[in-house]
Amino acid sequence: MPRHPPPNTLSSRQAFFEREESAWQALTATWANLPAETLLLPGASGAAWSIKDIINHLAAWQEAAVRVINDLLAGRWGRLGPAVETFNAQHYAADQSRPLEESRERLEHARAQLLALLATVSGDQLLNEYGRQQIGWWAKWVTYGHYEQHLGDLTTFRQRAN
C-alpha cells in the first residue's frame with residue numbers, strides 16, 4: 001500500500017467510481033496483450049516481483065479490504081492483522097504457486113466484490129478517508145491509490161518488455 005495516497009479531490013460517489021475505473025484502465029493497460037511468459041518475469045516491481053505477483057498483491061489487499069469494511073459496517077474495529085510488510089511477504093510467498101489465469105480471475109473477483117460492497121455504502125462513508133477506521137480510507141488505498149502506486153513501475157516494465 002502506498003505510504004502517501006493521492007490527495008482527496010473527490011466530491012461525490014460518482015467521482016470515486018470514475019477515478020477508480022480510470023486508474024484501473026491505466027493499470028491493466030500495462031499488462032494488456034503481453035504474452036503470459038512476460039507476465040511471469042521478475043522485475044515488474046522491484047527486482048523480484050512479476051506482473052503476476054502484482055496481480056495477486058492487489059487481489060490480497062482488496063480481499064482484506066472487503067473483510068475490514070464489513071467489520072467497520074458491523075460496528076467492529078477494522079484490522080488488517082499483520083503489519084503491512086508482513087502481510088505483503090506472507091501473501092507473496094503463499095501466491096507463488098498460484099497459476100497466472102487463477103491469479104487474473106482472483107483479481108477480477110476481488111475487485112468486483114469490493115466495488116459491489118462500496119456501492120452499498122453512503123457517500124459520506126465512501127469519501128471519508130481520514131483514518132484507518134474509515135471505509136473511505138480503505139476504499140482509496142486499495143483501489144486507485146494502490147493502482148497508481150504501481151503504475152510507474154509497471155509502465156516502465158512494459159516499455160522494456162516491448
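Contact is taken as heavy atoms within 4.5 Å. The structure is a predicted model, in which local features need pLDDT of at least 70 and side-chain atom pairs count only at pLDDT 80 or more, while totals for chains, interfaces and linings use all residues. Residues are numbered from 1 along each chain as its sequence is written, and side-chain values use heavy atoms, with hydrogens and water left out.

Helices (H or I, at least four residues) are DSSP runs numbered from the N terminus. Helix 8 spans residues 144-161 and has 18 residues. The distance from its first C-alpha to its last is 24 Å, close to the 26 Å expected at 1.5 Å a residue; the expected span is 1.5 Å times one less than the number of residues. Helix 8 bends by about 40 degrees at Leu-151, the bend being the angle between axes fitted to the seven residues ending there and the seven starting there.

Burial was assigned from relative accessible area (buried under 20%, exposed over 50%, partly exposed in between; 1.4 Å probe, protein chains only). The buried residues of helix 8 are Tyr-144, Gly-145, His-146, Tyr-147, His-150, Leu-154, Phe-157 and Arg-158. These buried residues pack against helix 1, helix 2 (36-39), helix 3 (51-73), helix 5 and helix 7.

Side chains of opposite charge can pair when their charged atoms come close. The structure holds ten salt bridges, each defined by a side-chain nitrogen of Lys or Arg within 4 Å of a carboxyl oxygen of Asp or Glu. In one of them, Arg-111 pairs with Glu-20, with 2.8 Å between the closest N and O atoms. This pair links distant parts of the chain, as Arg-111 lies in helix 5 (residues 100-118) and Glu-20 in helix 1 (residues 13-29), 91 residues apart. Arg-111 counts as buried because its relative accessibility is 11%, and Glu-20 counts as buried at 1%.

A salt bridge also joins Lys-140 and Glu-129, at 2.7 Å from N to O. Here too distant parts of the chain are linked: Lys-140 belongs to helix 7 (residues 135-142), and Glu-129, eleven residues apart from it, to the loop between helix 6 (123-127) and helix 7. Both Lys-140 and Glu-129 are buried. Elsewhere, salt bridges that share partners connect Glu-63, Asp-95, Arg-98, Glu-102 and Arg-106 into one network.

For the salt bridge between Arg-76 and Asp-71, the closest N and O atoms are 2.9 Å apart. Arg-76 is partly exposed because its relative accessibility is 48%, whereas Asp-71, at 17%, counts as buried.

Technical notes: Helix = DSSP H or I, 4+ residues; strand = E, 2+ residues; numbered from the N terminus.
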